[in-house]
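Hi everyone, thanks for making time. I'd like to walk you through one structure today, so please have a look at it first.

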Amino acid sequence: MKLITYLQGADPRPGLALSATVGIDVLAANSSLPANWHALFGNLAPVREINETHASRLGEMEALRLGGQRLPLPFVDLTQVTLLAPVILPSKIICVGLNYRDHAEEQNKPLPPRPMLFSKASTCLQAPGLP
């Protein structure tokens, strides 16, 4: 499940990316849910249900999009929206260093016995394609 936030008009909306080009508008799928990821994190079960319910239609939505048709809600053509940082203004960012064997090997470092954790400033989070 890949979390996204995108602009609809001037308003950020929580969504799920099914592919690089097709997403799901979480609020269009379930209008009773809160309108931001901070509130949604308290109970992700309904978001997982949205993903499970709609993910099987990805091929159908890709075909509609490639055919030039508008996607029906709750689907979103991600090539037609502005993607923002996945979570706007996170309270903290915790990273795991050397969490993949290949990553450790490419840095000529031994694989640590436990994951190395470190933090990043929340201001370092950027929207896709930005520096």
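What does the accessible surface of the protein chain come to, and what share of it belongs to carbon and sulfur atoms? It comes to about 8600 Å², with 54% belonging to carbon and sulfur atoms; areas here come from the Shrake-Rupley method with a 1.4 Å probe, and for residues only the protein chains shown count as cover.

A word on the basis: this is a predicted model, where local features need pLDDT of at least 70, side-chain atom pairs count only at pLDDT 80 or more, and totals for chains, interfaces and linings use all residues. Residues are numbered from 1 along each chain as its sequence is written, and side-chain values use heavy atoms, with hydrogens and water left out.

Now the fold. The protein chain holds seven strands and five helices, in the order β-β-β-α-α-α-α-β-β-β-α-β from the N terminus. Both are DSSP runs numbered from the N terminus: helices are H or I with at least four residues, strands E with at least two. The C-alpha trace spans about 50 × 30 × 30 Å along its principal axes.

On to packing. Of the 131 residues, 32% count as buried, meaning under 20% relative accessible area, while exposed is over 50% and partly exposed lies in between (1.4 Å probe, protein chains only). Taking contacts (heavy atoms within 4.5 Å) between residues at least 6 apart in sequence, 53% join residues at least 24 apart.

Finally, Glu 60 sits in helix H4, residues 58-66. Glu 60 counts as partly exposed because its relative accessibility is 41%. Its C-alpha atom is 21 Å from that of Leu 27, 33 residues away along the chain.
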